[in-house]
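Keep the structure in view as you read.

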Amino acid sequence: MLLDQISWLFLVIAPRNGSERKPASKPEPGASTSAEPIRILHASSGENPKPTGPQLNAQLEGWLSQVQSTKRPARAIIAPHAGYTYCGSCAAHAYKQVDANITRKIFILGPSHHVPLSRCALSSVDIYRTPLYDLRIDQKIYGELWKTGMFERMSLQTDEDEHSIEMHLPYTAKAMESHKDEFTIVPVLVGALSESKEQEFGKLFSKYLADPSNLFVVSSDFCHWGQRFRYSYYDESQGEIYRSIEHLDKMGMSIIEQLDPVSFSNYLKKYHNTICGRHPIGVLLNAINELQKNGMNMSFSFLNYAQSSQCRNWQDSSVSYAAGALMVH
């Protein structure tokens with residue numbers, strides 16, 4: 001959602017020889033392991049003062065304690081990236097399905113909100129520092145991805161500005177706290193991919209999705225409705241505007257549960273629903289499709305749906321959130 005809803009600060013730690021912003025053509029990820037702190041990310045919040053590490057930990061524990069583990073162990077989850085005040089309870093339904101006992105690498109696929117990107121991009125740093133504990137980026141996997149020639153590098157400014165990955169870091173840390181020294185993360189910024197590019201990246205990531213020790217976190221909010229989002233689809237047959245939004249979102253969610261990337265693409269073309277993580281979702285669906293061709297049996301279930309507010313007139317606005325999990329059978 002919007003950066004004014006982000007509820008904490010964290011540090012990025014960058015390679016000593018790469019602390020300045022570097023374009024994609026510079027040395028590949030994994031070339032350096034030395035690190036130093038560079039700056040605190042801006043993360044203004046409606047909550048004042050911002051929650052400390054213990055306060056944030058208590059918030060996360062509270063939401064997770066109210067949710068059941070019904071789709072565990074998840075191989076992938078879809079969860080929102082707005083401020084936790086808005087979507088923290090919804091996201092808990094996805095993160096409750098994470099099994100820290102088997103998960104060793106966590107791929108976080110987030111959409112690019114601030115920079116035009118026709119491919120995917122990798123971070124230029126080694127460590128993300130959350131209020132709970134540091135998360136280390138897997139430089140070995142980064143090196144494998146970089147060698148494909150399919151990736152760009154995020155500048156430090158882009159990394160700092162983008163919240164679609166950032167908002168998943170504390171929840172990731174919390175879900176994995178019982179094995180906090182035994183896993184790495186693989187953050188990937190996903191651009192405005194064509195359908196063919198979604199297929200290409202889906203095929204690339206499918207081999208990682210096939211590994212039961214890997215988890216994919218797909219970052220996405222659902223419908224952004226109202227004049228400030230320039231989207232005002234309304235089906236009067238559904239009643240109030242917020243019910244029309246819910247019907248539209250759940251139509252898309254049902255298609256995602258069918259694990260059909262073509263149907264999802266057609267849905268987006270028909271309704272233009274403002275699902276900001278549509279491209280990361282498309283990559284996931286194509287990765288699943290690739291594995292299904294090889295006989296792997298999977299199912300996806302949405303576990304929670306919420307809206308930031310209930311729209312009743314044309315001056316209102318809202319953002320929708322959904323949480324779900326992919327299981328391999």
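Predicted model: local features only at pLDDT ≥ 70, side-chain atom pairs only at ≥ 80, totals over all residues.

**A guided tour of the fold**

Ile106 stands opposite Ile185 in strand 9. Residues are numbered from 1 along each chain as its sequence is written, and side-chain values use heavy atoms, with hydrogens and water left out.

Strand 4 (residues 105–111) and strand 9 run parallel, joined by 7 bridges. Strand 5 (residues 120–122) also pairs with strand 9, but antiparallel, through 3 bridges. There, Leu122 stands opposite Val188. Two strands pair if DSSP finds at least two bridges between them. Helices (H or I, at least four residues) and strands (E, at least two) are DSSP runs, numbered from the N terminus. By that count the chain has 10 helices and 13 strands.

How many residues of strand 9 are buried? The count is 7 of the 7 in residues 184–190, so strand 9 is largely enclosed by the rest of the structure. Buried means under 20% relative accessible area, exposed over 50%, and partly exposed in between (1.4 Å probe, protein chains only). In a regular strand the side chains alternate between the two faces of the sheet. Here both faces are covered. Thr184, Val186, Val188 and Val190 are buried on one side. Ile185, Pro187 and Leu189 are buried on the other. Across the chain of 329 residues, 56% count as buried.

The largest nonpolar core has 99 residues, and Phe151 and Phe205 have the most contacts inside it. Such a core is a set of buried Ala, Val, Leu, Ile, Met, Phe, Trp, Tyr and Cys residues joined through side-chain atoms within 4.5 Å. Contact means heavy atoms within 4.5 Å. Among contacts in the chain between residues at least 6 apart in sequence, 82% join residues at least 24 apart.

Helix 3 (residues 139–146) has 6 of its 8 residues buried, so helix 3 is largely enclosed by the rest of the structure. The buried ones are Gln139, Ile141, Tyr142, Gly143, Leu145 and Trp146. Their cover includes strand 4, strand 5, strand 8 (151–153), strand 9 and helix 7 (195–209).

Next come the helix pairs. Two packed helices are described by the angle between their axes and the distance between the axes. Axes are lines fitted to C-alpha atoms, for helices over the stretch in contact, and angles run from 0 to 180 degrees between N-to-C directions. Angles under 35 degrees count as roughly parallel, over 145 as roughly antiparallel, 65 to 115 as roughly perpendicular and the rest as oblique.

Helix 7 packs against helix 10 (278–293). Their angle is about 60°, with axes 7 Å apart. Helix 7 and helix 10 are therefore oblique to each other. The contact includes Phe201, Phe205 and Leu209 of helix 7 and Val283, Ala287 and Leu291 of helix 10.

Helix 8 (residues 241–257) and helix 9 (residues 261–271) pack at about 160°, with axes 9 Å apart. Helix 8 and helix 9 are therefore roughly antiparallel. The contact is made by Leu248, Asp249, Met251, Gly252, Ile255 and Ile256 of helix 8 and Ser263, Phe264, Tyr267 and Tyr271 of helix 9.

Finish in the loops. Ser118 lies between strand 4 and strand 5. At 43% relative accessibility, Ser118 counts as partly exposed. Its C-alpha is 5.3 Å from that of Ala192, 74 residues apart along the chain. Ser118 touches Ala192, Leu193 and Lys197, not counting residues up to four places away in sequence.

Most residues other than glycine have a negative phi, and most peptide bonds are trans. Some sites here depart from that. Arg230, in the loop between strand 11 (224–225) and helix 8, has phi near 55°. Arg230 is exposed, at 81% relative accessible area. His272, in the loop between helix 9 and helix 10, also has phi near 55°. His272 is exposed at 53%. The peptide bond from Arg72 to Pro73 is cis, with omega near 0°. Pro73 sits in the loop between helix 1 (53–65) and strand 3 (76–79).
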